[in-house]
Amino acid sequence: MIEIENLTMSFPIATGQLDVLRGVELELRDGETAAIVGPSGSGKTTLLLLLAGLEQPHSGRIRIDGVALDALDADGLADLRRDRLGIVFQSFHLVPSLTALGNVALPLEIAGAADAEARAGAMLERVGLGERGKHLPMQLSGGEQQRVAIARALVHSPPVLLADEPTGNLDLETGARIIELLFGLHAESGSTLILVTHDEAIAGRCQRVLRLHEGRLIEDAEAHALPA
Amino acid sequence: MRFLLDLAWRDLRASGRSLWVFCACLALGVALVSASGSLYRLVGAGLLADTRELMGGDLEVDSKAPLPADALDWIRARGKLSLVTELYTMLGTAAGNFLRVELQSMDANYPLYGTLRLEPDRPLAEVTAFADGRWGAAVDRALAARLGIERGDTIVIGALQMDVRALIVEQPDRNLTADWRGPPVLLAAGALEASGLIQPGSRVDYDYHVATEILTARWRADFYARFPDQTWEVRTFEDRSQRIAERLGQIASGLLIIAFSTLFIGGLGVFNSIQSYLQRKLGTLATLRALGLRNRRLAAVYLLQIGMLAGGASLAGCLVGSILALLGGAAVAAEVPIETTLLALPGPNLAALLFGLLTAYTFALPAIGRALSVAPAILFRDGGGELAQTPRSWWLATLGGAGLILLLVLLALPDRLFGFAFVGVIALLLLLLDLVVRGLRRGARFLDQPRRFRGRLALRLALANLHRPGTPLRASLLSLGSALTLIVACTLVVASLLREINLTIPARAPALILYDINSDQLGAVRDAIATADGDAEVQTAPLVRTRLSAINDRPLAEHASLAVDLDAYRDAVNDDFKLSYRGGNIDNLALVEGAWWDVDTPGEPARLAFEDREARRLGVAVGDRLTFAAEGREIDAEVVAIHRQKGLQTRFWFEGILSDGALEPLIHRHVGTVFMDGDVTFDAQRAIAEVAPNVVSIPTATLLATARRLLGQASAGLAVVAAVSLGASLLVLASVMAAGRSRQVYDATVLNTLGARMSTIRRSLQLEYLLLALITSLFALALGAAIALPLLHWRLKLPGDDLLWLGLLAAVAVSTVSLGLGARYLMRRLHTQPAALLRAPN
């Protein structure tokens, strides 16, 4: 369960301050999929960063499974990301010094899992990169790098998956395959998915579509049926 | 071209101070090259221009006795002659101070070249003449300052009390080692005779200086042909020039090698600095190419920038180097009578400038080539510059530059052997380094397995950073490792020397060392010492100077190794071989082959322990028979053992120890050691001087103080050179770290985002730097020991392997501090908000 209460966020600018989020309210149940859409600069990525505990809101509160993020220190937030979150970035953000297998195994190793390598290998197989485990990120194409990033985000079976424009750096065809993979793996894992996108078609595949407009989160009237 | 120059300059100005590491690395290296080269030229030009003056003639005939009349007539018929009679002895002052000096008595023709300047400015003959019932003397100014004596004071030389009538302001042929071996005191021939110091067996040198118009080589050949059976040695000023040039060349080559090493290490800083600079310029490059600037012109822009920066940095380096060389030249000129000239500076500085430019281009070319090979389309789409490879043509140009540098290094080093050795060592070092880096990376990759370090993420990340592509391992080993190698080598040599000096102090070392005791003075000297300290322990041993005449009953001239080399033959024939008895083994000699004989077993011929260096030089081994000659007698001896001198603790340097009785008819002089309370050595010296003024007595404390002073000066010089080298290395390291910093901050941010705690990330960085420090230290210890231990063992005859821990300690301390500072700097940068970075594209 994700709960957002009266969340506000602003940034200082030359003429004063820019209010990016103004009293955002949201409640997502376990297993739901939600798309956050909106024009560039509307605060989509900011909202995602706040959800990941990577930025602190000016006011308001975020709870994940009942845990208030503002009550956690830096180590507590790191532990929260380790145990409950998986994140997929637009620019992949793989660690260049680690192989594909090493990157996928990272969340498990951070958690001290005994079978990290085996589980990472299996996850790589699931995203179709079983043969590329020993390759470094620079030796992979953009699409392959994003598949590694998705495997990394899901390898430790997090209850919540955050994805920020996962197809933004990919061509149409590769992007489409990545979205199939993402939704397919999500369906298997049953985690809550929050997806930031510009693409209405991708947003349309989510159960809920939330639009950021002038700092407020407005939900589309036509919501998809909730999972049984 | 003007457009490109203008564009290059404007672009460079807009880059601010981002290339300061480039400039600093190059300036430091060039400064050392310029300083070493300029100092060599300054001192070399000064010394070699004045060799005739420094030697006192075109030729010098050295003899242990006055030359006979026919030889003097022969010489006078072929040039102008001046005789300088020399003798080492003790000088005493009214205050009771004693110091070893070199008495010099010269005839009216002295000096044949240059001018002797005295204070007051009076003729030497007048100063040294017998007047008012006393002989006069002119003493070296440095000696006067050391003993606190002035004009008008009384000094004691042998049996004479003499007046100091003048100080020597400038003596053209003052010995370069006078301060160490004995400063000069000039006196008349009559005074020398009256001193009672010239007796049978006295070590008097008769140096006949000759000024001639005849070619010196011809003169010498004619002289040897005219007097074939004599052992007089003729040296020419060219010989001396050659010897000085060789010695100077070796010292300069050593300094230049360190300078070139520093410059090449600095080259790594140039490479890193330019690479970071161009990485930031990829956008500009893409824009210029998109606007239609052709590759060749674009390359010209950045090559011009390198030229501007390298030119400026090298000029600054030359300026600093010239100032250092002038300061060094002034310091040398204070010790040695040479005149330095600024005309010696342009050549070495031009060379240093050329080295600076070539080094900058050679190290910058791969980075420029790689930056220019990045396709503009990729740049606009994403930061894909890392994918580019340096094109082959740029690598070929780099190899060409490197080849040219090595060729110039060979031409620039005065000692060609040093040059080839340096190039060979560099090639070997690079090969070794490559093998070490490959091995370490393979080892790190092997260890970097989840199952090996389960739950130790920090260690695994640190290991991963050692074997990943672009690891700073190679650059760290090459830059910091080279400087640490120098530090380890210096630490081992200096620590070993200091330990040896300190070991000489304890009660086991004699307080006084005695030379030139006549046989009939032995009792008186013992009694005199007893008056100063009744408990003093005096050990004496005979010292007989001989010449080697035959090996295995064959004259030296027929000996295989000497028959073909006339100079080696003449050296062997003229060399003194100092022989003694084993007695109480006064000089602590150690046998390296054979065994000491049983003293109770008489034997014919006499048994001999021969010195290892002479044995090697002459090809003598245990079982050979040697014949020595002295005073018309011959001594036959069989080599039954080979001994080795005790390095710094050697006092008398005996070439041979004979079984008792073999030297008996030839013993006139003795040497001795006195073990006594250190506080009364001065009283003992005074008592000895009263009964035996010819006996030279040297307190060990004085020798040690001089040794410490010389070692201190050498250590200070080495410390300066090592510090500059370390400075350049740290700059390189800083550039390596700066290049890797954004990568490390990025990695840390991603890890933190994935849930790794900052404490874990910091620990992984600390471990990475600790591993680097440890590896670099061990690398430096191995190389430093490989340089220092053979030097200590073969050259200084000192042990050093038990001091390896000290070398390791120095290496670990310096590397830990250097890398620790780098890690601390990085930690402070790690506070960056992950969100801020993750907003930006990769």
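Residues are numbered from 1 along each chain as its sequence is written, and chains are lettered from A and ligands numbered from 1 in the order in which they are written. Because the model is predicted, local features need pLDDT of at least 70 and side-chain atom pairs count only at pLDDT 80 or more, whereas totals for chains, interfaces and linings use all residues.

Chain B contains 27 helices and 23 strands (DSSP runs numbered from the N terminus, helices being H or I of at least four residues and strands E of at least two). Of its 842 residues, 42% are buried; a residue is buried if 20 or more other C-beta atoms lie within 10 Å of its own, exposed if 12 or fewer, and partly exposed in between, with C-beta atoms placed from the backbone. Among contacts in chain B (C-beta atoms, placed from the backbone, within 7 Å) between residues at least 6 apart in sequence, 84% join residues at least 24 apart.

Strand 18 of chain B (residues 606–611) has 6 of its 6 residues buried, so it is largely enclosed by the rest of the structure. In a regular strand, side chains alternate between the two faces of the sheet. Ala606(B), Leu608(B) and Phe610(B) point one way from strand 18, and Arg607(B), Ala609(B) and Glu611(B) the other way. Strand 18 runs parallel to strand 20 of chain B (residues 633–644), to which 6 bridges join it, with Leu608(B) opposite Val639(B). Strand 21 of chain B (residues 656–658) is antiparallel to strand 18 and joined to it by 3 bridges; here Ala609(B) stands opposite Ile657(B). Strands are taken to pair if DSSP finds at least two bridges between them.

Helix 15 of chain B (residues 392–412) has 21 residues, which at 1.5 Å a residue should span 30 Å, and its end C-alpha atoms are 30 Å apart, in agreement. The expected span is 1.5 Å times one less than the number of residues. Its buried residues are Thr398(B), Ile405(B), Val409(B) and Ala412(B).

In chain A, 4 strands form an open sheet of order 2-1-4-5 with antiparallel pairing. Strand 2 (16–28) and strand 5 (67–68) of chain A stand at the edges, each with a single partner strand, so one side of each lacks a neighbour in the sheet.

Methods. Contact = placed C-beta atoms within 7 Å.
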